Amino acid sequence: MVAFNKLSVYGLGFQTKVISSLLKNKNFLLNIRDVLTPDYFDNQAHQWLVDQIIKYFDKYHATPTLDTLHIEVKKIDNDVLKTSVVEQLKEAYKAANEDAEYVEAEFSNFCKNQQLKKALLTSVDLLQSGMYDDIRHLIDSALKAGMDKNIGHEYTKDVEDRYREEYRKPIVTPWAVINELLQGGLGEGDFGLIFGGPGGGKSWALIALGAAAVKAGYNVCHYTLELSEAYVGKRYDACFTNISVAQVQEHRKTVETAIEKLPGNLIIKEYPMGKATINTIESHIQKCKDLGNPPDLVLIDYVDLLRATRISKERKEEIDDVYVATKGLARELKIPIWSVSQVNRAGANDSVIEGDKAAGSYNKMMITDFAMSLSRRRQDKASGTGRFHIMKNRYGMDGVTYAAVIDTSTGHIHIDTKEMSEDDMEKEKPVKLNENFDTFDRDILKKKFFELNNNR
């Protein structure tokens, strides 16, 4: 295979994508730092950018932010170079990343080849001097150059990474109190779960999450295993327009106007329950990436309806496998995933649903990063109310409950920012049918019962 000797042969577009990866991918920069030099680039603006990237990385062990580069650009005396750097910086941040893996691998090989070429040329002089040990060391070092150096989060070096606002890249929810508890929202690789009873509004909560993300400019993939794609789409129409899902059919023009204003993109994909696996979801996500629609957020309605890739005697084990695989997919793709799940019969009647009421497997909660329950009894459904209880939270407080106003005709859900007190929750407890009956009442009822039977 022919290897190029000059980076200019690859073209300016390729070099721009290399700069883009150096700015966005710390692992790529970490691996090639020992073989990277600005001299490989022909464009003077590219040389300046690579030099700044190297200096910043050597000092802070992180890629430079756009703000820091803007400050350094202001220090350039040459106006022509300054203008060129600004333009190339814009191009680097706008560069598409669908072929980033190829670009990074190709550039790494180029740098390694240059390092090996340099080592061989130096070895000629060492050979004449009989310095064989030095030659061996030089060649070995060249062959090891550019190898994977990511050993994990280096605590003493990676302080900058830990305290950057975008280190988790959280995606906001529609609820201020949940955003506060999650430190901004569900982040890269996080798995969030909402428990609830049948018909309680869990799926509408996913609609609310997806709509909020689309409004914020994110790309969302919504996977439905219960409802049809078209009906889920109408639910989003209702949410975006605040028109009841039962009446939105009559307001198509309003829907189209609302859609035109959305900065994000929404893909709804239906799979038959019990047929699709988490691998099916992963394949579809890859297809979306290949077609230029990489998702920022994934919603699955719901994970329990996915088929396990490994058949087990116990249904609980299959559920656990599916949940572990879902969490693994979120971590691997660095995408936050929200899903919903049922509670058992006892939990469906509780005013506040606790973690022990999860249907199927309690391990669901252990696997997730954030879990909350939505409890709605019969009177709640009639009055449009409910309660969200924070069951688990890796990023903040849990064990707290918040009152909510829920409109299941439009998907508009408001969660109160004030935590419910013990007195508030005591008022929400269902009244048992016999708790106001004393012994005297029971005796009267017993007497009446026997009287009725004797009169037959």
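A search of the whole structure, which is a predicted model, finds 1 cavity of 30 Å³ or more. The largest cavity has a volume of about 30 Å³. Its lining is made by Asn 219, Val 220, Cys 221, Asn 265, Ile 267, Asn 293 and Pro 295. Two elements give two or more residues each to this lining: strand 2 (219-224) and strand 3 (265-270). Strand 2 supplies the largest share, with 3 residues. By residue type, the lining of the largest cavity holds 4 nonpolar and 3 polar residues, and no charged ones.

Two packed helices are described by the angle between their axes and the distance between the axes.

| Pair | Angle between axes | Axis distance |
|---|---|---|
| Helix 1 and helix 6 (residues 100-128) | roughly 95° | within 10 Å |
| Helix 1 and helix 5 (residues 79-94) | about 75° | 8 Å |

How do the axes of helix 1 and helix 6 cross? They cross at roughly 95°, which means that helix 1 is roughly perpendicular to helix 6. On the side of helix 1, the contact is made by Phe 14, Lys 17, Val 18 and Ser 21. Helix 6 contributes Ala 100, Val 103, Glu 104, Glu 106 and Phe 107. The residues of this contact divide into 5 nonpolar, 1 polar and 3 charged.

Helix 1 also packs with helix 5, at an angle of about 75°. An angle from 65 to 115 degrees counts as roughly perpendicular, so helix 1 is roughly perpendicular to helix 5. Which residues of helix 1 meet helix 5? They are Thr 16, Ile 19, Ser 20, Leu 23 and Lys 24. From helix 5, the residues in the contact are Gln 88, Leu 89, Glu 91, Ala 92 and Tyr 93. Here the division is 5 nonpolar, 3 polar and 2 charged residues.

**Salt bridges**

The count of salt bridges in the model comes to 16. One of them joins Asp 58 to Arg 33, with the closest N and O atoms 2.8 Å apart. This pair links distant parts of the chain, the two residues being 25 residues apart. Asp 58 lies in helix 3 (residues 44-60), while Arg 33 is in the loop between helix 2 (26-32) and helix 3.

**Backbone details**

Most residues other than glycine have a negative phi, and most peptide bonds are trans. Two places in the backbone are noted against that background. Where is His 61 placed? His 61 is in the loop between helix 3 and helix 4 (66-74). The phi of His 61 is near 55°, a positive value in a residue other than glycine. The other place is the peptide bond from Asp 301 to Tyr 302, which is cis, with omega near -5°. Tyr 302 belongs to the loop between strand 4 (297-301) and helix 14 (315-333).

Conventions
Residues are numbered from 1 along each chain as its sequence is written. This is a predicted model: local features need pLDDT of at least 70, side-chain atom pairs count only at pLDDT 80 or more; totals for chains, interfaces and linings use all residues. Side-chain values use heavy atoms; hydrogens and water are left out. On a 1 Å grid over the protein atoms alone, a cavity is a set of points where a 1.4 Å probe fits but cannot get out, and a pocket is an open set with protein on both sides within 12 Å along at least five of seven lines; lining residues have an atom within 4 Å of a point. Grid points are joined across faces, edges and corners, and a volume is the space filled by probe spheres set on the points. Helices (H or I, at least four residues) and strands (E, at least two) are DSSP runs, numbered from the N terminus. Ala, Val, Leu, Ile, Met, Phe, Trp, Tyr, Cys and Pro count as nonpolar, Asp, Glu, Lys and Arg as charged, and the others, Gly among them, as polar. Axes are lines fitted to C-alpha atoms, for helices over the stretch in contact, and angles run from 0 to 180 degrees between N-to-C directions. Angles under 35 degrees count as roughly parallel, over 145 as roughly antiparallel, 65 to 115 as roughly perpendicular and the rest as oblique. Contact means heavy atoms within 4.5 Å. A salt bridge is a side-chain nitrogen of Lys or Arg within 4 Å of a carboxyl oxygen of Asp or Glu.
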